[in-house]
Amino acid sequence: MAVLSVLTVDLHSHSRVSDGLLPPVDLARRAADNGVDLLALTDHDETSGLADARAVAESSAIRFIDGVEISIAWGGLQVHIVGLDFDTRDAALNAGLGSIRAGRVARAKRMSEELEKFGLPDCLAGASRHAENPNLIGRSHFARYLVEIGVCRDMHSVFESFLVPGKPGYVTHQWATLAEAVGWILGAGGVAVIAHPGRYKFSRLETRALFDEFKGLGGQAIEVISGNFSPEHFAGFSRLALEYGFLASCGSDFHGPEESRVDVGKNVRLPDKLTPVWTAFH
Ligand code: AMP
Ligand code: MN
Ligand code: MN
Ligand code: MN
């Protein structure tokens, strides 16, 4: 156990097959350069980058964990559930992820129509040029296009003025349910993790309701450490992990060198008092 706590672990990262900026092989190489020992690639609703990332990671003596970040709707908001260490061939999981990706394509058309009403034409075509994987289009690709054409200065300002509830380009969407996402992950032999629980605009009570329902469904872990968390988040979610008996996960949520504040593998380490999620890996 003492040895584990000195490992460099990043269990939340993105590549170009979703809304990251690096190809999976470059992400794995960068993780190796940054001294990562245990790495998961967790692209949004997509597993097609895992084989390439695994090959490079394993050739660099990194222990690679298959991952995915599933988009769900809960409590009227978009919530993310990370799946780790599952069977990537599982039929129900793959069908579920396929249906979310199809929903994303339809949602992108609606987002583009909303932006057009606001006087910004052809955003779907523009965003699509930023989406390496045509089946996995999302708000980041639209945001990069809005920066490209000079409508916003950077990604941060896009998400202040566009693409969020009440702002141009935002559309409500039917994502998967919490029960579906947890069911697919557990059905594929994986570990289900609530991603960045501090990022949702939930009250304390709503957060507890989410944790209760997740635990009731068999969810095992929460991210205590995430790229954009504050020290108050670390402390608060450490306490909640202990109270609920959740395993603890940590990751950078790295998307790309120019965009992410925390590089792959450069996330804060887990506090020693918590049980790391990797104790549940195969
Ligand atoms: P989507 O899954 O299409 O709704 O897009 C969500 C993605 O947008 C997240 O995974 C982030 O990569 C990105 N995103 C959301 N909010 C922000 C923000 N405030 N700043 C930068 N990126 C954001
Ligand atoms: Mn993202
Ligand atoms: Mn997320
Ligand atoms: Mn993420």
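This is a predicted model: local features need pLDDT of at least 70, side-chain atom pairs count only at pLDDT 80 or more; totals for chains, interfaces and linings use all residues.
I looked up the strand order first. I found an open sheet of seven strands, ordered β1-β2-β3-β4-β5-β6-β7, and the pairing is mixed. Strands of a sheet pair through backbone hydrogen bonds, and they do so either parallel or antiparallel. I noted β1 (9–10) and β7 (247–251) as the edge strands, since each pairs on one side only.

**Two neighbours in it.** I then took β3 (residues 63–74) and β4 (residues 77–84). They run antiparallel, and I read eight bridges between them. I also checked S71, whose bridge partner in β4 is H80. Helix α7 (residues 178–187) packs on the sheet and touches β3, β4 and β5 (191–194). For its direction against that of β3, I have an angle of about 160°.

**The metal site.** Which residues coordinate the manganese ion (ligand 3)? I found E69 through OE, H80 through ND1 and H196 through NE2, at 2.1 to 2.2 Å. Along the sequence the donor residues follow the spacing E-x10-H-x115-H. I put the manganese ion (ligand 2) at 5.6 Å from the manganese ion (ligand 3).

**The two histidines.** Why does the pair H80 and H196 tie together parts that are 116 residues apart in sequence? H80 lies in strand β4, while H196 lies in the loop between β5 and α8 (204–216), so the pair joins those parts.

Terms used. Residues are numbered from 1 along each chain as its sequence is written. Chains are lettered from A and ligands numbered from 1 in the order in which they are written. Side-chain values use heavy atoms; hydrogens and water are left out. Two strands pair if DSSP finds at least two bridges between them. Helices (H or I, at least four residues) and strands (E, at least two) are DSSP runs, numbered from the N terminus. Contact means heavy atoms within 4.5 Å. Axes are lines fitted to C-alpha atoms, for helices over the stretch in contact, and angles run from 0 to 180 degrees between N-to-C directions. Donors are N, O and S atoms within 2.8 Å of the metal (3.2 Å for Na, K and Ca); water is not among the atoms, so sites may look incomplete.
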